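Colleague: Please take a close look at one part of this model, the ligand site. What surrounds the ligand, and what kind of space holds it?

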Amino acid sequence: LPLDERLKRRIIDGERNGLEADLDQALETRKALAIVNDTLLDGMKVVGELFGSGQMQLPFVLQSAEVMKNAVAHLEPHMEKTDEDGKGTIVLATVRGDVHDIGKNLVDIILTNNGYNVVNLGIKQPVSAIVEAADEHRADVIGMSGLLVKSTVIMKENLEELNQRGIAADYPVLLGGAALTRAYVEQDLHEIYQGEVRYARDAFEGLRLMDALIG
Ligand code: B1M
């Protein structure tokens, strides 16, 4: 198989052997982020489709996710970084009940590489932990990720909780994850949240929005 196809296959098949050598070879001609965006994420997309249609069982999805994580970790030192620093702080979390963190961790990498201080709380975070961390670190923005349809409801509840605590105006919120739609965030959630709430389709839109919200 051509290199690109081979890398994509490794994600789909959850095959780690030879992964790093292939990534190193890809790095000779392409940028690290392009490899993630144009090749590896394509592989994860296929995994999602196979799983969704019942052609792939959960343990294999987990293996694919592990290979994806390994690949991103291997590529990370090769990603471009700006010299900028201290542009602002975001507390980032996958919401309560949701374990998906590959996308969130990509957002972390992109924002960190572009001068933001990211406090990454991890997965399954209740809103109380998110608020506590935001207060403790004097966060400029709260970022929530979630991939389950259920998580879109939890995000709404979390925004309501911020309203209730009277801190919505202090915390612009950035939301991302596959189950969200722009309309849900920019219309429905925008209507209920008493602060700013924005939708990021991907990590780069997340970066642009951070620049817009803080800059
Ligand atoms: Co799960 N899973 N999963 N899964 N999984 C999905 C989400 C699903 C769509 C698959 C499917 O059915 N086709 C489906 C959800 C269906 C639904 O809710 N309607 C699903 C399901 C059902 C489940 C379980 C319930 C399965 C089960 O147990 N029966 C279970 C849930 C457990 C739980 O959370 N409580 C489960 C478990 C898992 C694994 C553990 C095996 C594994 C996760 C491993 C891990 O993350 N550490 C896994 C995986 C890998 C997936 C799919 C296949 C791939 C997700 C992924 O990593 N994509 C996924 C299919 C899909 O998404 N279509 C699926 C790559 C990643 C880079 O994309 O996270 O979307 P994503 O991030 C993007 C953007 O969304 C954005 O930027 C990133 C790109 O730049 N973004 C942000 C994300 N967060 C952001 C935050 C921001 C800004 C941008 O600012 C704050």
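Modeller: **The ligand site**

Of the 34 residues around the ligand, Val99, His100, Asp101, Ser145 and Val149 come nearest (near means a heavy atom within 4 Å). The model is predicted: local features need pLDDT of at least 70, side-chain atom pairs count only at pLDDT 80 or more, and totals for chains, interfaces and linings use all residues. Residues are numbered from 1 along each chain as its sequence is written, and side-chain values use heavy atoms, without hydrogens and water.

Take the polar contacts next (N or O pairs within 3.5 Å). A polar side-chain atom of Asp101 lies 2.7 Å from a ligand nitrogen. Gly48 places a backbone N or O atom 3.0 Å from a ligand nitrogen. For Lys69, a polar side-chain atom is 3.5 Å from a ligand nitrogen.

Now the shell. It has 20 nonpolar, nine polar and five charged residues (Ala, Val, Leu, Ile, Met, Phe, Trp, Tyr, Cys and Pro are nonpolar; Asp, Glu, Lys and Arg charged; the others, with Gly, polar). Helices H3 (32-52), H4 (58-75) and H5 (102-113) and strands E3 (141-145) and E4 (173-176) each supply at least two shell residues (DSSP runs: helices H or I of at least four residues, strands E of at least two, numbered from the N terminus).

The ligand takes the space of the largest pocket (more than half of its atoms within 2 Å of the grid points; a pocket is an open set on a 1 Å grid over protein atoms alone, for a 1.4 Å probe, with protein on both sides within 12 Å along at least five of seven lines, and lining atoms within 4 Å of a point). H3 gives the most to its lining, with ten residues.

Notes. A polar contact is a pair of N or O atoms within 3.5 Å; within protein, one must be able to donate a hydrogen and the other to accept it, and residues adjacent in sequence count only if both atoms are side-chain atoms.
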